[in-house]
Amino acid sequence: MWLVTFLLLLDSLHKARPEDVGTSLYFVNDSLQQVTFSSSVGVVVPCPAAGSPSAALRWYLATGDDIYDVPHIRHVHANGTLQLYPFSPSAFNSFIHDNDYFCTAENAAGKIRSPNIRVKAVFREPYTVRVEDQRSMRGNVAVFKCLIPSSVQEYVSVVSWEKDTVSIIPENRFFITHHGGLYISDVQKEDALSTYRCITKHKYSGETRQSNGARLSVTDPAESIPTILDGFHSQEVWAGHTVELPCTASGYPIPAIRWLKDGRPLPADSRWTKRITGLTISDLRTEDSGTYICEVTNTFGSAEATGTLTVIDPLHVTLTPKKLKTGIGSTVILSCALLGSPEFTIRWYRNTELVLPDEAVSIRGLSNETLLITSAQKSHSGAYQCFATRKAQTAQDFAIIVLEDGTPRIVSSFSEKVVNPGEQFSLMCAAKGAPPPTVTWALDDEPIVRDGSHRTNQHTMSDGTTISHMNVTGPQIRDGGVYRCTARNSVGSAEYQARINVRGPPSIRAMKNITAVAGRDTLINCRVIGYPYYSIKWYKDALLLPDNHRQVVFENGTLKLTDVQKGMDEGEYLCSVLIQPQLSISQSVHVAVKVPPLIQPFEFPPASIGQLLYIPCVVSSGDMPIRITWRKDGQVIISGSGVTIESKEFMSSLQISSVSLKHNGNYTCIASNAAATVSRERQLIVRVPPRFVVQPNNQDGIYGKAGVLNCSVDGYPPPKVMWKHAKGSGSPQQYHPVPLTGRTQILANSSLLIRHVLEEDMGYYLCQASNGVGTDISKSMFLTVKIPAMITSHPNTTIAIKGHAKELNCTARGERPIIIRWEKGDTVIDPDRVMRYAIATKDNGDEVVSTLKLKPADRGDSVFFSCHAINSYGEDRGLIQLTVQEPPDPPELEIREVKARSMNLRWTQRFDGNSIITGFDIEYKNKSDSWDFKQSTRNISPTINQANIVDLHPASVYSIRMYSFNKIGRSEPSKELTISTEEAAPDGPPMDVTLQPVTSQSIQVTWKAPKKELQNGVIRGYQIGYRENSPGSNGQYSIVEMKATGDSEVYTLDNLKKFAQYGVVVQAFNRAGTGPSSSEINATTLEDVPSQPPENVRALSITSDVAVISWSEPPRSTLNGVLKGYRVIFWSLYVDGEWGEMQNITTTRERVELRGMEKFTNYSVQVLAYTQAGDGVRSSVLYIQTKEDGFLGRLQAEPPALMWRPNGDCAQSPAPSRASAPHTRAPSQPPERNHWGPQTSCCLF
């Protein structure tokens, strides 16, 4: 932060005072310093300056030249607004369309100017923006930059990025920098599937451009040293703004980034943010300036980016004082204080004119920050501006200085009074003037010396009034008399006097002789003191005064002599004071009169070149000695070079031996003596009739350019030159004065300047000069306006259809011959070499029409064509943007994801045929089918770049292609892609499922594979589910799985329950899953013999030959078939160990009587159940003994109970037991057993 201020305190200088001067000037927008606009749009620039009351607003070029209206090109409106109209390239004029302007505002306060405003037109010109393909390792950062041509870089900026035609929203891994770069962090493989484009916009024309599509190549990480992808350079940025220093790098391992400022780590500051894109600093301050280093490091090496950041404080200028009203002759000090960065320059302006130092004006300070005006004159009034400039920035402030006649005047004073001795009194005198005056006091013409009794003080009020007091304490008689206050400043003085009487005996102080100047007024005070007195009278030569009209005696005793005359007023004057009726006192004073010189009038006669000239200067009166000198235009004349001065006692003569033009000027004769210095000034005019120094001659002017019609004259008085114009190319009929507007003006050498030649300027011109000496002179000339080649008509944009013929027309006018050349881009079209082009030119009298034929238009013709018209006086160019439209290129189709019944597609539309894409079609079919059997998804929105195709068949091979549409037509099909859908679980169950019981514990299942179209892949196997459907079963399927072997399958279910009903289902499966199950069918396993004997088998001996055997049915689950009946097997056991014959009885009942048994004989009994499959398991052997005959009655009366237990134990023994009869192996075994069951015993109770 620089503060430039300068303060001068000089006690010898009078202060000037700020004051509202009533009128004002101000800036509406003094920050406006650059205006850039499109030539096709034009611009309106309001004047940044204004005033109150209304100021006159005018525009100038930075050179100081007035600007002028150019029809349809430039115009200054009455309100001071500058308008530049849209224009074609042929109308470009650097003085108008690429120049520095400034605007001024002028009123009674002065005149101020704006800073220079750069007004620059930007042409519509062809350009393209590009994005280059990039490479990056997975996990690294990728950087895409939008490459804008340097010729338009200043006006074109990146507004967005697209990924596959969809705008990128900065988030997650995607970032867009302030400079328009696209950063992709943590690069992934899928990033390589997209294309990236930048979209730019022209700041002034509004045109947008889309770049080519760029790809990202993604590789697997490989060990490498860091490489800087995007760095920064030195730059200057305004304080308070935000700056982004880009820095990112690639490498593996991923580099670490460290920032340094001036060799040290960055300080902790919330304004500093490290991002993936680099370092961002917000709210910049000057202390942020420095050298920044971005270090990137990994284990394999390092790299760095370095740049210098310079933070600039905007310039701010304050000029003080802002408004100042002061008097002529005062000293003015203006101080220009600056805030902002250093290295600025300061310039001072007064009323828009650059201030140049001279005798009165000086510019001081290390940076020229102080303007000092000494002995300021009226001409120094006005608006002063301090301009500070640093590179392209300018700041200013201004002050209004008003200088007026500041001669002091007494605005308030004291009155005569009478005081007693010792009675304190105070006198006040107030005066105004510029600069504020200083007041002094006198008593009876003697300065009052300050002492203990006489004190003075003075101060200046805010309005500039100086107030002075004379305080007299303890006054004595001697303190009476005439008090006079005198106000003086650098401009002049004013005084006031009045008598103050102190009571006491009157007396008259000694009076000093007075010298008066003849012709002026003189005051003579009678220096009487004491009071009272009766009267004061003045006498001269014993005559009571006044005795003529030039004498006045005031009541306070002052004598005034007006227009003093030497002979009449010189002599002794007597002041007589009547202090008592018959007593007077008196005092005399001598008045000497000095006579100033009086110069007799003289004149310079009319003079011609070569004449002799003698001019006397005679002093007719005045006290001697008298000194006489001569001056010319303020400079002392010294004899020599044909000029002689001869001086005598009271006269001096000026002699010129041969008068010439150099003798023209103001001559002053100055006479001086002890009384005064007087002068008389006269002008010598050497009259010379006008003559041509340069005569006008016929000449050519070029339309749109500046032209000077030469004519130079001299003579004295300087001739007045008038230019006249007669339109037409024939003999001039009538001349009319040329209006002197901004476009036409007469130069100092009398030539006529036409700043912008128009066709209407053609004709005869007359240069006429006169100065009142002799006759007028004139000379005519003819101005021929040559028209440079100008393109008057051409299409800015036009459209062609590819394959069709197209004509481009360009119309030009101007002086013949005109050559029209066609260019495609930057290449001249030569129809002899490129047979597809033909050029035809036709002269229609006023215009030349050239036609470029394209036979036919091709895609490569979508560029800027330009027609160039050339003649001897200039060249013009017309730009034509040809857009060749055609059906679009097919989309680039890619498969993102394939599932069993759907696929996800994404596509990128490359070339749209220069016509907006209106939709897309997708076609697909089974690969083995022809496209006649295709399926389609039509009229897909052009804003979509991906789609899902559903309802596909799993495990199928499809062919897919796409079309894009614009208003021209349909594209060719895209590259055909082949995809295979994934498998899905089968959609159909196995067919023809049958069950065949094989054994009592197995069922054979047979089936066929599901229908082919429902298999959805390769059948890998089957799942057979079976469950028992008997009452009490849990209903859950048991699953067995088998691999597929063919179209027909067989599987045997084993280990099933005997004679049980089973439900069976079959499901096919492939890699994707299991299909639906077949319908459940039932089968029953074959019958088997019961697996358990009847339960609760009991034997009861009834008689000696009858026994009853009873039992209950075995558990149904063990029957293993349909119970056909029971079989009771029994045989006798004899005492000798022999077995009797084995017998059996079959019954369907659960009780049987055995009759015809041997008496009192042991029997073995077994019971079994049987099914159709055979006999089941026998029950354990029961032993029974038939009864003896003698027990019959008791048995009948009380039937005994028969119980048995294994191991021969009886549960109860009320009577002695009988040992079991011994037994031996039977002669034959039961068919299903190899031995008898466990030994049992029975007890009879």
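**Exercise 1.** Work out how the lining of the largest pocket divides by class.

*Solution.* The lining has 14 nonpolar, 17 polar and eight charged residues, where Ala, Val, Leu, Ile, Met, Phe, Trp, Tyr, Cys and Pro count as nonpolar, Asp, Glu, Lys and Arg as charged, and the others, Gly among them, as polar. The model is predicted, so local features need pLDDT of at least 70 and side-chain atom pairs pLDDT 80 or more, while totals for chains, interfaces and linings use all residues. Residues are numbered from 1 along each chain as its sequence is written, and side-chain values use heavy atoms, leaving out hydrogens and water.

**Exercise 2.** Identify the aromatic pair formed by Trp 1007, and state whether its members are buried or exposed.

*Solution.* Start from the total, which is 28 aromatic pairs in the structure; rings of Phe, Tyr and Trp (its six-membered ring) pair if their centres lie within 6.5 Å, and planes under 30 degrees apart count as stacked, over 60 as edge-to-face and the rest as tilted. Next, Trp 1007 pairs with Tyr 1022 in an edge-to-face manner, at 5.3 Å centre to centre and with 70° between the planes. Trp 1007 belongs to strand E93 and Tyr 1022 to strand E94, so the pair ties together parts that are 15 residues apart in sequence; strands are DSSP runs (E, at least two residues), numbered from the N terminus. Finally, Trp 1007 is buried at a relative accessible area of 2%, and Tyr 1022 is buried at 0% (buried means under 20%, exposed over 50%, partly exposed in between, with a 1.4 Å probe and protein chains only).

Key
Helices (H or I, at least four residues) and strands (E, at least two) are DSSP runs, numbered from the N terminus.
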